[in-house]
Amino acid sequence: MPASATGNRPEELAERLGVGGAAAEGEALLKALREVKNQIIGNKTKKLLYLHLGAVPRIVSVLASVAGGGDAALIVQAAAAIGSFACGVEDGVRAVLDAGAVPHLTRILSHPDEKVVDAGARSLRMIFKSKLTPKYDVLQEKNMKFLLSLLYRENENVTELAASIIAHSCERNEEQKALYDAGILQRLVKLLGGPLNQRDACLESIEAIVRNNSEVAQKFACIDNGKALSSLIELIQDRYPRTRLLACICLITIRHASPCFVQEMQIKTKLIIILIELLEEPGTAGDEAPFALTNLIMDEEELHRQAVSINAVDKLCNFFYKGPIEPRRLQGILLALAELCSKLEKCRSQLLSLQVLNFIVDALKHDCTDVRIAACSCIRNISRSLKNLSAGHLSSETVVVPLVQLLHDESSLVQVAALGAICNVAVNFAPRKSVFIQCGGVSQLVQLSKSMDPTLRLKSVWALRNLMFLADRTDKECVLMDLTISNLASLICDSEHPIQEQALALVSNLVDGCRDPFEHAFAEDNAIINALTRILRGASSPGVCIQGMFLLANIAAGNELHKEVVLNCLLPPQANGDSPLFIIKFLQSKENLLRVASVWCIVNLTYRDSLCSSTRAARLRDAGIISQIKTMVNDPCLDCKLRVRMALEQCMDFENTHHVH
């Protein structure tokens with residue numbers, strides 16, 4: 001084997017990186033650095049190998065020894081190699097940071113040789129692209145002065161670096177304000193007229209400084225009497241795709257931060273058109289465009305309609321027919337479609353008419369976690385349409401089985417997204433509920449309802465609730481067999497209020513439509529009733545109390561046994577007279593629905609045709625409940641007012657009858 005080839009083996013090159021001193025050794029070191037750099041550029045495997053061999057600390061040591069005034073060529077190669085290690089490999093960034101490279105690279109920015117400065121700036125830019133790199137503290141005066149000095153340098157690599165550091169580090173309002181007060185935002189606007197890379201870095205930096213900060217966004221819009229804002233509007237039509245994208249993102253951010261700007265429908269429409277056109281572009285610009293589009297139209301029905309008017313759904317769906325789509329871009333397209341389908345029925349119908357549901361279902365099985373989540377979001381929003389649900393488009397095995405399989409996904413985020421879709425789809429499984437049960441959906445929902453993750457518990461109980469909606473007796477029994485009364489009682493007493501609320505709604509759906517509607521509520525020694533009583537006495541959140549009182553009101557409409565159990569919930573025999581009854585608190589609540597449900601419960605307990613209604617009315621009167629209801633005759637809620645009148649009329653009848661006897 002030739003000697004030169006042998007000498008270029010990674011193990012030997014790593015050893016040679018420690019050589020230094022004499023001129024000959026310096027030359028050997030320079031060759032070794034150059035060879036390492038050339039081997040690792042674009043080669044992740046080689047990078048990891050050199051990391052394992054400890055190359056990075058040795059290269060940083062070389063840089064540290066020569067940064068103060070050594071051989072310029074050696075500095076350039078060392079800086080370039082460090083930058084290469086930090087490019088695209090997190091382990092490389094860690095190694096560079098751990099070896100203390102940043103201070104040495106910063107020092108060479110003041111070197112008299114421009115090639116050295118360029119190498120240091122490029123390397124630092126690579127490092128500051130990583131989320132692993134600590135934020136630069138712009139609130140320190142010396143750091144702010146340093147950034148300003150970089151922005152006023154003539155070297156475009158240095159100004160680009162400064163903008164990159166700001167974009168990486170600026171997150172908090174006080175940092176944004178400090179950067180504006182120091183004149184940095186104004187300087188960045190001036191630099192927008194510079195070279196391409198500098199311009200793009202400045203756009204990213206401007207976006208970071210104005211993000212979610214209405215004060216700074218307004219000040220930006222007023223720079224040079226609005227010329228800064230006009231510059232961004234011009235740049236959305238730039239010849240370079242990435243510049244167009246970044247200018248769009250800046251305008252969207254300013255619009256969100258300060259709604260009084262970028263309000264003209266003409267500009268918003270132009271943004272939608274440009275972002276959809278950018279999807280045709282290769283690389284980052286095309287990948288990120290759908291995310292910017294989603295951000296622009298988020299929760300704004302007017303913009304949804306505008307997007308529909310320019311055929312946004314058609315244009316987005318066309319990409320499914322163009323062959324394989326890169327994961328990041330596919331995720332973005334799915335999220336954009338999900339957003340468009342979140343409000344408008346026209347969008348949902350249009351999407352289904354384009355026959356792309358199979359593509360979306362295929363995305364449920366994608367290797368990329370984010371794509372699977374986006375596909376679930378898309379199906380969840382399509383299934384907001386009762387028309388589509390009723391037509392059975394989303395309740396076939398083709399859709400249901402992949403969703404159920406995602407309940408076993410290794411990512412809890414995917415499980416949550418799948419549950420969100422199932423919650424909607426389950427509302428109208430109708431005759432196909434058995435499909436969901438047969439493919440193991442219920443069993444997995446029950447398992448997830450026992451998860452330590454409260455979001456998984458909530459979503460799974462919500463899905464079970466919707467699965468119970470209008471289910472026939474056979475399907476309800478199948479669900480309950482897996483769920484069990486004891487587990488349901490535990491969910492009613494869950495530590496999280498939203499889970500309690502969904503569990504109570506599940507019970508309401510369970511008992512609805514049954515021949516003996518309350519048999520399950522009284523099963524296992526009144527387990528569900530006892531759980532309900534416990535949480536109502538604990539004065540849970542308004543939503544839980546409302547759901548619980550409506551359930552009690554329904555049970556109170558049953559037979560004498562049911563009414564007696566409900567009365568004992570409201571007036572426990574062993575109650576301490578010093579502590580107020582929860583029913584009194586609920587009748588005094590500011591929540592209209594809670595007062596309505598509470599009065600409704602009293603109405604059902606005192607129904608005239610019931611055998612023991614007069615006795616129950618007497619107990620309610622003795623407990624002060626009727627007195628409280630009398631104070632509600634002019635309740636501001638009309639529904640509550642009507643029920644108060646019913647309750648008082650029934651109780652007065654009993655009192656009159658008593659006096660006659």
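Predicted model: local features only at pLDDT ≥ 70, side-chain atom pairs only at ≥ 80, totals over all residues.

Residues are numbered from 1 along each chain as its sequence is written, and side-chain values use heavy atoms, with hydrogens and water left out.

How many aromatic pairs does the structure hold? Four, where rings of Phe, Tyr and Trp (its six-membered ring) pair if their centres lie within 6.5 Å, with planes under 30 degrees apart called stacked, over 60 edge-to-face and the rest tilted.

One of them is Phe320 with Phe359, stacked, at 5.6 Å centre to centre and 10° between the planes. Phe320 lies in the loop between helix H21 (312-318) and helix H22 (327-340), and Phe359 in helix H24 (residues 357-363), so this pair ties together parts 39 residues apart in sequence. Helices here are DSSP runs of H or I, at least four residues, numbered from the N terminus.

Is Phe320 buried or exposed? Buried, at 7% relative accessible area, while Phe359 is partly exposed at 29%. Buried means under 20%, exposed over 50%, partly exposed in between, with a 1.4 Å probe and protein chains only.

Phe359 also pairs with Tyr321, edge-to-face this time, at 5.1 Å and 80°. Tyr321 is partly exposed too, with 48% relative accessibility. Put together, Phe320, Tyr321 and Phe359 make one aromatic cluster.

Now the charges. Lys322 lies over the face of Phe319, 4.6 Å from the ring centre. Elsewhere, the charged end of Arg643 sits over the ring of Trp600, 4.6 Å from its centre. The test is NZ of Lys or CZ of Arg within 6 Å of the ring centre and within 35 degrees of the ring normal.

Last, the lining of the largest pocket. By class, there are 14 nonpolar, eight polar and 13 charged residues. Here Ala, Val, Leu, Ile, Met, Phe, Trp, Tyr, Cys and Pro count as nonpolar, Asp, Glu, Lys and Arg as charged, and the others, Gly among them, as polar. Helices that each supply at least two lining residues include H9 (114-128) and H19 (283-297).
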